[in-house]
Amino acid sequence: MSGTEVIDIEDSAPELIILDNDLSELSTLYSSVGNYTIEANPKTFTINKTWTMLAPTGGSELMQRSSDYEIAIQTSADNSLNNTSFEIRVYN
């Protein structure tokens, strides 16, 4: 399975503009300054089979699997991911 999305960050949870999605339904959460979560239900982000890529924004950012249900995104500030592309792949 694979999916590609583009993030459009406002002052709260990111809005995803889905370009291609073979994964389950995705939702987003804003937890604190520069910290976001992408959630999937059912279990989608299998350990050792989930790959993430976040296009560089010129700042400090990190995107990684945090559980079978979540991908965490950390940045140095809110809105630093505005119009940034990312990709999540889950291999069989």
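Where is Pro-42 found? I looked, and Pro-42 is in the loop between β4 and β5.

**Entry 1: ground rules**

I'm working with a predicted model, where local features need pLDDT of at least 70, side-chain atom pairs count only at pLDDT 80 or more, and totals for chains, interfaces and linings use all residues. Residues are numbered from 1 along each chain as its sequence is written, and side-chain values use heavy atoms, with hydrogens and water left out.

**Entry 2: the overall build**

I counted zero helices and eight strands in the protein. Both words refer to DSSP runs numbered from the N terminus: helices are H or I with at least four residues, strands are E with at least two. The pattern along the sequence reads β-β-β-β-β-β-β-β.

Next I checked burial. Of the 92 residues, 35% count as buried. My note on the words: buried is under 20% relative accessible area, exposed is over 50%, and partly exposed is in between (1.4 Å probe, protein chains only).

**Entry 3: the sheet**

In what order do the four strands of the open sheet come? I found β3-β4-β7-β6, with antiparallel pairing. The edge strands are β3 (26–32) and β6 (61–65), each pairing on one side only. From one strand to the next, the twist averages 20°. For that angle, axes are lines fitted to C-alpha atoms (for helices, over the stretch in contact), and angles run from 0 to 180 degrees between N-to-C directions.

Pairing has a cut-off too: DSSP must find at least two bridges between two strands. I checked β4 against β7 (residues 70–75) and got an antiparallel pair with five bridges. Within β7, Ile-71 is the bridge partner of Ile-38.

A reminder from class: side chains in a regular strand alternate between the two faces of the sheet.

**Entry 4: the β3–β4 hairpin**

I followed β3 into β4 and found an antiparallel pair with six bridges. The two strands form a hairpin with two residues between them, and Gly-34 in the turn has a positive phi of about 75°.

Which residue in β4 does Tyr-30 stand opposite? It's Tyr-36. I then searched the whole structure for aromatic pairs and got one. The rings of Tyr-30 and Tyr-36 have centres 5.6 Å apart and planes at 55°, so I wrote the pair down as tilted. The rule is that rings of Phe, Tyr and Trp (its six-membered ring) pair if their centres lie within 6.5 Å; planes under 30 degrees apart are stacked, over 60 edge-to-face, and the rest tilted. Tyr-30 is partly exposed at 29% relative accessibility, whereas Tyr-36 is buried at 3%.

**Entry 5: back to the loop**

I returned to the stretch between β4 and β5. A cis peptide bond joins Asn-41 and Pro-42, with omega at about 10°. Asn-48 lies in this loop as well. Its phi is near 65°, a positive value in a residue other than glycine. I flagged both, because most residues other than glycine have a negative phi, and most peptide bonds are trans.

Is Asn-48 buried or exposed? Asn-48 is exposed, with a relative accessible area of 78%. Phe-45 sits in the loop between β4 (35–40) and β5 (50–54), yet Phe-45 is buried at 0%. I also checked Phe-45 against Ser-66: they are 21 residues apart along the chain, and their C-alpha atoms are separated by 8.6 Å.

**Entry 6: charges**

Side chains of opposite charge can pair when their charged atoms come close. How many salt bridges does a search of the whole structure find? I got two. My cut-off was a side-chain nitrogen of Lys or Arg within 4 Å of a carboxyl oxygen of Asp or Glu.

- Asp-68 bridges to Arg-65, with the closest N and O atoms 2.6 Å apart. Asp-68 is partly exposed at 26%, and Arg-65 is partly exposed at 25%.
- Arg-89 bridges to Glu-87, with the closest N and O atoms 2.6 Å apart. Arg-89 is partly exposed at 32%, but Glu-87 is buried at 14%.

**Entry 7: a nonpolar patch**

Trp-51, Met-53 and Tyr-91 make a nonpolar patch of about 310 Å². Patches are made of residues with over 30% relative accessible area and no salt bridge; like charges are joined within 9 Å, and nonpolar side chains (Val, Leu, Ile, Met, Phe, Trp, Tyr) within 5 Å. Accessible areas come from the Shrake-Rupley method with a 1.4 Å probe; for residues, only the protein chains shown count as cover. I placed Trp-51 in strand β5, and Trp-51 is partly exposed at 36%.
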